[in-house]
Every structure is written in C-alpha cells, then in structure tokens.
Amino acid sequence: MNTGELKNVEGEVILQEKNPARSIVCMKVNSDTNFPNKSIFFPEYFLSKWFKDEASQEVPVYTFKRRGVTKVAEGYSELVRRLSVDLIVLVDGGSDSLMAGDEHDLGTPLEDMVNVFAVAKTGVRSVLCCLGIGCDRFYGVSDRATFRAIAELTQAGGFLGSFSLQERMPEVQGYLSALEYVESNLPYPSIVGHYITSSIKGYFGNYNKHERTQDSVIFVNPIMSQLYFFELKEVVRRVKYRDYVEDTQTSADFMVGIQYFRNNFATQEVEEWPKVNEF
C-alpha cells in the first residue's frame, strides 16, 4: 500500500473512485512506469525494475492508495477478476496483523489490517504469512501477545505451519538481492528488512546496524527468519474490533474505528516474556 501521490505516477489505473477527483485506488506498476517525483517512497517500481534488470522478467506490481476497507476490497476484487486469482497470500513483515485489538499496543495496524479485511471480503481462499515475528517489538507489540495469537489460531484450526529461510536457498538469495536493490533507491531503508536480513545471516541480540534504530536496543533472533502461515478467515474472526472497521471508506475512518473500540473496551497491561525463574 503506497503512501505517495499515485495521481502523479504514469501507470495503468486498475480502479479509481467515482468521485469528481477520480482518486486512484489501485494501480499497476512495472519497470517502465514513469513517476516524476523520485523522492517519494515507491518500492513497487524498484521491485519491478529489479526483476527486469536482474532476472530479465517483466513482473508487474500492483499498489493501492491508502483507503478504507471497502475501497481496497473493490481493488482486490477487480484484480481477482482480471487475473483469474484463486488464492491470495498476504505477507506481513512482522506480526501486528495477528493482534486481536485489546493488546496494550497494536504496532502499526492501518496498512496491515486494511488489507486483511479487504482480502477477506473478496471471498477468495486467502492465507496470511508472517515473516519477521518480533520485528514489531520496535513499535510496541509484545512477543507474548504474538505467540498467544499463534496458540489461539492453532486451537481454531487456523495455523497452517511454518518453516525457516536459510541464506543458501536460491529464493532467499533473490530476496536479499532484491531488498538491497530496492533499498538503495529509496529515501530510507526498511527496519523490518534489517531484522529479517540480520536473522537470516545468523546475527543475534542487539545487532543494530540500522540508521533508524541507533537510539534503540533491538533484539534480533532466529524466529525472525521463519515464515508462519495462517488461514486468513480465522485471523479475521479473532479480531475484536472488526465490526467497527469492515465497512470503512477511508483510512481515517478505519483508525477512528480502532480507537473507538480501544476507548470503550478494556485493553491489556504491558506483557513481557516470562523470566527464566518465573516458573
């Protein structure tokens, strides 16, 4: 989901709103897409360009402007129709997409959860993949809350399994190459990307080489390079504020819905890992 001004990007529009401004909802981006403002955060273009330059493939990337659930769901539905999609895999860098809503902190839920609810509305079989579990601790998400979520999803039959990424895997080599290429062309690098890459390479603890986290203590660990898979419908079913956000039109309405829930229902205290001698 792109935070830049897509109206200034010369790409193929997949869906736009019917308002007078004809605001863009979804756009197709490829290696020859033109955008005049090179200072905007636009990783979709550089990812497509990596495929062209490094793999000699023309791979389009579809991006959404920040909208509420209803508009983004319309964009996904249009892509499903055009591309004959029968399975959608959402990938979250971190685990804040697993939060039920009453945790002490939800991390950065807007983009993750709008996509979760929007894809669920398409009716297509959908899977959520979390890579980089523990990365969201930088944004206040408790690891204890994450693993409780996995346990509860397991009880509900929604946990599909996990496996580790190893540096020697060709697919991982491609990921590392693509990440380096994309980040070299962006205004700032990804914090989540730093965590995942560091974990893949075997670093541990406060391995802090990222310019945006220099004033923080971080905790790189092997779990960050593991992929966890979940049935999306079970993830959605577990979210306690879903009734307040599923029919939102704008991203502002979505955040208001979350805040209304958190202002009117009890939230949990700060949760930390149990200490070694706690049991």
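The conversation below takes up a sheet, its helices and a few single residues.

Visitor: What kind of model is this, and how are residues numbered?
Guide: This is a predicted model, in which local features need pLDDT of at least 70 and side-chain atom pairs count only at pLDDT 80 or more, while totals for chains, interfaces and linings use all residues. Residues are numbered from 1 along each chain as its sequence is written, and side-chain values use heavy atoms, with hydrogens and water left out.

Visitor: Which order do the strands of the open sheet have?
Guide: The order of the three strands is β1-β2-β3, with antiparallel pairing. Strands (E, at least two residues) and helices (H or I, at least four) are DSSP runs, numbered from the N terminus; two strands pair if DSSP finds at least two bridges between them.

Visitor: Which strands are at the edges?
Guide: β1 (12-16) and β3 (61-64) are the edge strands, each pairing on one side only. On average, neighbouring strands of this sheet are turned by 20° against each other, direction ignored. Such angles run from 0 to 180 degrees between N-to-C directions, with axes fitted to C-alpha atoms, for helices over the stretch in contact.

Visitor: How many bridges join β2 to β3?
Guide: Four bridges join them, and valine 29 has valine 61 in β3 as its bridge partner. β1 and β2 (residues 24-29) also pair over four bridges; there, valine 13 is partnered by methionine 27 in β2, and leucine 15 by cysteine 26.

Visitor: Is β2 mostly covered or open?
Guide: β2 is mostly covered, as five of its six residues are buried. Buried means under 20% relative accessible area, exposed over 50%, and partly exposed in between (1.4 Å probe, protein chains only).

Visitor: What about helices; where does α1 lie?
Guide: Helix α1 (residues 43-55) lies across β2 and β3, running at about 175° to β3. Helix α2 (residues 69-83) packs on the sheet and touches β1, β2 and β3, contact being heavy atoms within 4.5 Å. The direction of α2 makes about 130° with that of β1.

Visitor: Changing topic, where is valine 89?
Guide: Valine 89 is in strand β4 (residues 88-93). It counts as partly exposed because its relative accessibility is 44%.

Visitor: And asparagine 185, where does that lie?
Guide: Asparagine 185 is in the loop between α5 (170-183) and α6 (191-200). Its relative accessibility is 32%, so asparagine 185 counts as partly exposed. The C-alpha atoms of asparagine 185 and serine 56 are separated by 19 Å, and the two residues are 129 residues apart along the chain.
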